[in-house]
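Here are my notes on the model, arranged as numbered points. Please read them with the structure open beside you.

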Protein chains: 2
Amino acid sequence: MEMESYYSDLIRYFSERIILSDSDIKLIISAYEFRVLKKKEFLFHQGEVCRYEAFVIKGACKLYYSDLKGADHILYFAFKDWWVGDVASFSTQEPAAMSAQALEETYILTVNAQRKEALFAQVPQLERMFRVITQRTLSVLQKRFFLTMSGGARERYLQLIERYPTIEQLVPQYQIASYLGILPESLSRLKKQLYEQTI
Amino acid sequence: MEMESYYSDLIRYFSERIILSDSDIKLIISAYEFRVLKKKEFLFHQGEVCRYEAFVIKGACKLYYSDLKGADHILYFAFKDWWVGDVASFSTQEPAAMSAQALEETYILTVNAQRKEALFAQVPQLERMFRVITQRTLSVLQKRFFLTMSGGARERYLQLIERYPTIEQLVPQYQIASYLGILPESLSRLKKQLYEQTI
DNA sequence: CGTCTATTTGAATGTACTCAAAAGCGGTGG
DNA sequence: CCACCGCTTTTGAGTACATTCAAATAGACG
């Protein structure tokens with residue numbers, strides 16, 4: 001796998017959403033930097049400024065919030081073609097509300113706020129594209145919020161494995177529990193209960 | 001209060017965020033339509049397309065999701081200077097995940113998707129402004145989600161009245177319970193408990 | 001004043017949590 | 001290859017918080 005092909009994933013992602021000229025593509029490639037995160041390495045920590053927004057080429061990250069009691073709450077897992085960042089911290093340079101950590105060796109393309117701003121000035125379609133992406137992200141989170149408010153852990157778990165059937169192969173069970181907002185013990189009991197019903 | 005002054009609220013809101021020429025202002029005014037929602041009137045219903053995005057001039061709306069059991073979950077209250085809409089439904093014309101209803105007589109300025117698109121083409125700075133607004137909305141919801149995951153109802157209630165000290169004068173208690181994700185009975189007990197601790 | 005709606009209170013229930021310990025699994029080094 | 005270690009998952013017992021269902025009280029509005 002050549003360096004070039006890492007960028008081709010990003011260009012493909014953009015091209016599926018907006019029309020790009022050859023010069024646009026050159027500008028994009030020069031704005032993003034390739035980087036490898038080792039397993040358990042952080043892209044940014046909660047409480048520090050999120051200086052980079054990243055596009056995942058290969059591997060996986062988790063974005064999570066650690067509460068005052070020390071419990072972690074996973075906002076989402078970022079696999080191939082997902083974005084990793086704290087929107088608020090990245091755009092305002094204030095401390096991040098969450099951390100981003102690689103679950104395995106992960107290849108990413110990163111950009112800092114200045115470069116992204118400059119890129120928006122050079123390729124104005126990107127401004128529109130990122131607005132649409134942010135709208136979709138907001139809408140997905142709204143639905144997840146409603147699901148959390150209206151249902152119990154069982155419903156959240158069932159919807160998760162329906163939406164991402166392979167998730168249990170990709171991340172350990174205690175991380176899934178953290179995503180669902182329950183303890184690993186509770187998820188274990190939940191799965192046992194579901195299994196017993198199936199018999 | 002003259003019709004003109006309704007628009008002045010919107011123009012002030014925009015002018016605080018981006019630079020507008022006189023012709024920009026004229027375009028904005030011609031894109032938005034003034035409308036009054038009577039108490040309990042809906043701007044859009046869950047399951048139907050959200051055809052209008054609205055800016056609140058006076059009054060208040062609630063945006064909420066009704067779950068399968070018939071319970072309501074308030075996403076947010078929209079007062080003066082807030083936006084009312086379902087971002088996903090408005091932009092894709094798919095069915096809305098929530099409803100928007102006036103809590104009292106409410107004055108709004110509305111725009112439909114076509115007009116908003118046309119306005120973006122005419123006043124490109126707006127595209128940027130709405131991207132920033134959507135980012136902030138996303139960030140606020142992320143924090144609320146983390147609060148919901150990490151804390152109990154007491155913590156959510158205390159943070160709400162700290163952030164919006166006047167909220168209890170503006171909306172009835174059962175609506176606040178719905179916002180907090182608990183039943184009115186639970187909120188009643190919670191407040192009693194907090195009051196007893198104070199003595 | 002009377003009716004309708006909102007709030008409070010009570011008792012029993014349920015879901016997920018806490019604390020604790022055992023069992024399973026995977027990798028490492030002897 | 002197996003024994004051991006650390007980490008993950010499972011299981012158990014007791015607890016906490018919010019719910020459910022039901023009824024009583026308080027408030028708002030015509």
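1. In this predicted model, the contact between the two protein chains draws 27 residues from chain B and 27 residues from chain A. On the side of chain B that touches chain A, strand S5 (72-78), H3 and H5 of chain B each supply at least two residues, and H5(B) gives the most, with 17 residues.

2. Helix H5 of chain B, which covers residues 125-150, has 26 residues, and from its first C-alpha to its last it reaches 38 Å, close to the 38 Å expected at 1.5 Å a residue.

3. The buried residues of H5(B) are Leu126(B), Arg131(B), Thr134(B), Gln135(B), Leu138(B), Gln142(B) and Met149(B). On chain A, the buried residues of H5(B) pack against strand S5 (72-78), helix H3 (87-92) and helix H5 (125-150), while within chain B their partners are helix H3 (87-92) and helix H4 (113-122).

4. H9(A) provides the largest share of the surface near DNA strand D, namely six residues. The residues of that surface divide into six nonpolar, four polar and six charged.

Conventions:
Residues are numbered from 1 along each chain as its sequence is written. Chains are lettered from A and ligands numbered from 1 in the order in which they are written. This is a predicted model: local features need pLDDT of at least 70, side-chain atom pairs count only at pLDDT 80 or more; totals for chains, interfaces and linings use all residues. Helices (H or I, at least four residues) and strands (E, at least two) are DSSP runs, numbered from the N terminus. The expected span of a helix is 1.5 Å times one less than its number of residues. A residue is buried if 20 or more other C-beta atoms lie within 10 Å of its own, exposed if 12 or fewer, and partly exposed in between; C-beta atoms are placed from the backbone. Two residues are in contact if their C-beta atoms, placed from the backbone, lie within 7 Å. Ala, Val, Leu, Ile, Met, Phe, Trp, Tyr, Cys and Pro count as nonpolar, Asp, Glu, Lys and Arg as charged, and the others, Gly among them, as polar.
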